[in-house]
Amino acid sequence: MKRRIGVLAAAVAVLAGALAGTAAADSQSIESWTPVARTPPMGWSSWSALRRKFTEETIKAQADVMHDRLAAYGYRYINIDAGWNDHVDEFGRVAPDPKKFPNGIASLARYLHQRGLKFGIYLVPGVPAQAVAADSPIEGTPYRVHDIVTAGAGNTADDKSAKLDFSKPGAAAYVRSQARQLASWGVDYIKMDFVGPGGGKIPADNREDIRQWHSAIQASGRPIHLELSNSLSIAEAATWQRYSNGWRIEGDIECYSHCVGLTNWDVRVKLRFADAPKWTGFAGPGHWNDLDSIEIGNGEANGITPDERQSVMTLWAIESSPLLLGTDLTKLDPDDLKLLTNREVLAVDQAGRPARPVSQATQQQVWFSPDGHGGVTVALFNLGSTEAPVTASWPDLGLRGPAAVRDLWTHRNLGVSRDSFTATLAPHASRLLHLVPRPR
C-alpha cells in the first residue's frame with residue numbers, strides 16, 4: 001500500500017509555510033479589536049509546580065531557564081498564579097506580598113521584559129473581602145466600595161468576595177482602576193479565575209465583569225491577554241469568545257490527592273479528549289480553547305508515562321491550545337525537553353486550526369484538521385488500556401486519492417499511501433502526521 005520515497009525537504013517547507021501562513025492570514029480578522037493572542041500563547045505558569053510557594057527570586061529562576069532554553073521555540077509568558085498578593089491597597093485593589101516581592105511587581109515585569117519575555121498575573125472577579133471591610137474609596141471617584149457592590153458572590157470560589165453592580169456609578173471605574181494599575185506594572189497577561197457561569201464551589205455570574213474587564217484593558221492602552229478559568233460554561237461561549245482571549249474548558253489538570261506526580265491520565269488528562277470537540281468551533285485567532293497547563297518537563301514527576309506525555313503534547317497541539325508549562329523549569333528532563341521543543345509539532349499548535357475527531361465511538365481515535373493548503377494534519381490516539389491499531393482513512397479526512405505521509409514527531413517522511421494509514425499504538429500512545437495529496 002505504501003511506496004517508500006526519499007526525504008522531501010520541500011514537504012517540511014510546505015508544512016511550515018502552510019501553518020505559518022494560516023495563522024498570519026487569519027490573525028488579520030482580529031487586528032481591529034486585539035493585538036494579542038493571534039496565535040495560542042506559549043509560556044509557563046507557577047501553580048502546578050510551585051503552588052503558592054514562590055518569591056521574586058524563584059520566578060526569576062524560572063524565567064532565566066525559559067530565556068536560555070525555551071524562548072527560541074516561542075515560549076514567552078512567565079505567569080504567576082494565586083499566592084502573589086496578601087492585602088489590598090488604598091483603593092481596594094489587591095497588592096503584592098512585600099515579603100515575596102520586596103521590589104514590587106513592576107520590577108519583576110521589567111526583569112522579564114529585559115529578557116524578551118512577557119509577564120502574567122492572577123486575579124478573580126469581584127471585590128476582595130478586605131476592600132469590603134475597609135470600605136475602600138474608588139480611585140478617581142467620589143464613591144466607595146459600599147456604593148458599587150450588591151448581594152451575591154463576586155466569583156465562583158467562595159462567598160467572601162462581593163459582587164460588583166455595574167448599574168451603580170463607580171463600579172466600572174473600579175475595574176478600570178485595576179486595569180490601569182496592571183498596565184502600569186507592565187502586565188501582559190491576566191488569568192481571571194473562578195469565572196461564572198462555570199466551575200468553582202458556588203454559582204456566580206461574571207459575564208458583565210468580563211465585558212467590563214475587556215473594555216478596561218482596551219482603555220488602559222496596553223495589550224493584555226485576558227484568560228478565563230475554569231470550566232467555563234459552553235452555553236456562554238459566544239460571550240467568552242467576544243470579550244476574552246481564552247478560556248479553560250475543564251477543571252484543573254493538577255491531581256491534588258491520591259496521585260503520584262503533578263497529574264494523572266485517567267483522572268485528569270483523559271477528560272480533555274471527551275470535552276475538547278464541543279468547543280472546537282469557538283476557537284480562532286484572538287481567542288483559544290485552553291486545555292490547562294502542560295505537565296511535561298520533569299520526567300517521572302509529571303505523573304504520566306512517556307507515551308502519555310507525547311499524547312498530551314499531541315492533543316494540545318492539534319487543538320491549538322495555549323502551551324503553558326506547569327513543571328519546574330529548573331529541573332527540565334532531557335527527553336521531555338525534546339517533546340516541548342519539536343518545531344514541527346509546535347507549528348501545528350501555532351497554526352490555530354483546532355482538530356475534530358472522526359469518531360469517538362471507540363478508544364482508538366483519529367483527529368484531523370485541514371491545513372488550509374490542501375493538506376491535512378492528523379493525530380492518531382489509542383486511549384485504551386491495551387495495544388491496538390488505529391487507522392486513518394483518507395475519505396474520512398476529506399482526501400481523494402493518494403497522499404504523502406510525514407511523521408511530525410520523528411521528522412520522517414513515511415512514503416505515499418493510497419487511501420489510509422494504520423499504526424499499532426501502545427496504551428495511551430499517539431502519532432502526529434501531516435498528509436499532502438499526490439497525483440494519482
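1. In which sense do strand β3 and β6 pair, and over how many bridges? The model is a predicted one, and in it β3, which covers residues 77-79, pairs with β6 in the parallel sense over 3 bridges. Within this pairing, Phe119 of β6 is the bridge partner of Ile78.

2. Strand β6 also pairs with β9, to which it is joined by 4 bridges, and these two strands run parallel as well. Here Ile121 stands opposite Ile190 of β9. Of the 6 residues of β6, 5 are buried, so the strand is largely enclosed by the rest of the structure.

3. When its neighbours within four places in sequence are left aside, its contacts are Ile80, Trp84, Ile105, Leu182, Trp185, Val187, Tyr189, Ile190 and Lys191. Among these, Leu182 and Trp185 are also listed with the buried residues of helix α6.

4. The largest nonpolar core has 100 residues, and those with the most contacts inside it are Tyr75, Trp84, Ile121, Ile190, Trp213 and Met313. Helix α6, which spans residues 171-185, gives the most to this core, with 9 residues. There is also a second, separate core of 19 residues, which includes Val378, Val390, Ala429 and Leu435.

5. Helix α6 is mostly covered, since 12 of its 15 residues are buried. The buried residues include Ala171, Tyr174, Val175, Ser177, Gln178 and Gln181, and the buried residues of this helix pack against the strands β5 (94-96), β6 (118-123), β8 (162-164) and β9 (189-192), as well as against the helices α4 (105-114) and α7 (207-220).

6. The length of α6 can be checked by simple reasoning: at 1.5 Å a residue, its 15 residues should span 21 Å, and the end C-alpha atoms are 22 Å apart, which agrees. The residue that follows α6 is Gly186, whose phi is positive, near 95 degrees.

7. As to annotation, an unreviewed UniProt entry places the feature "domain: Alpha galactosidase C-terminal" at residues 363-434. Over residues 363-434 the model has 0% helix and 58% strand, and the end C-alpha atoms of this stretch are 22 Å apart.

Notes:
Residues are numbered from 1 along each chain as its sequence is written. This is a predicted model: local features need pLDDT of at least 70, side-chain atom pairs count only at pLDDT 80 or more; totals for chains, interfaces and linings use all residues. Side-chain values use heavy atoms; hydrogens and water are left out. UniProt positions are given in the numbering used here, feature names are shortened, and annotations may be inferred rather than shown by experiment. A nonpolar core is a set of buried Ala, Val, Leu, Ile, Met, Phe, Trp, Tyr and Cys residues joined through side-chain atoms within 4.5 Å. Buried means under 20% relative accessible area, exposed over 50%, partly exposed in between (1.4 Å probe, protein chains only). Contact means heavy atoms within 4.5 Å. The expected span of a helix is 1.5 Å times one less than its number of residues. Two strands pair if DSSP finds at least two bridges between them.
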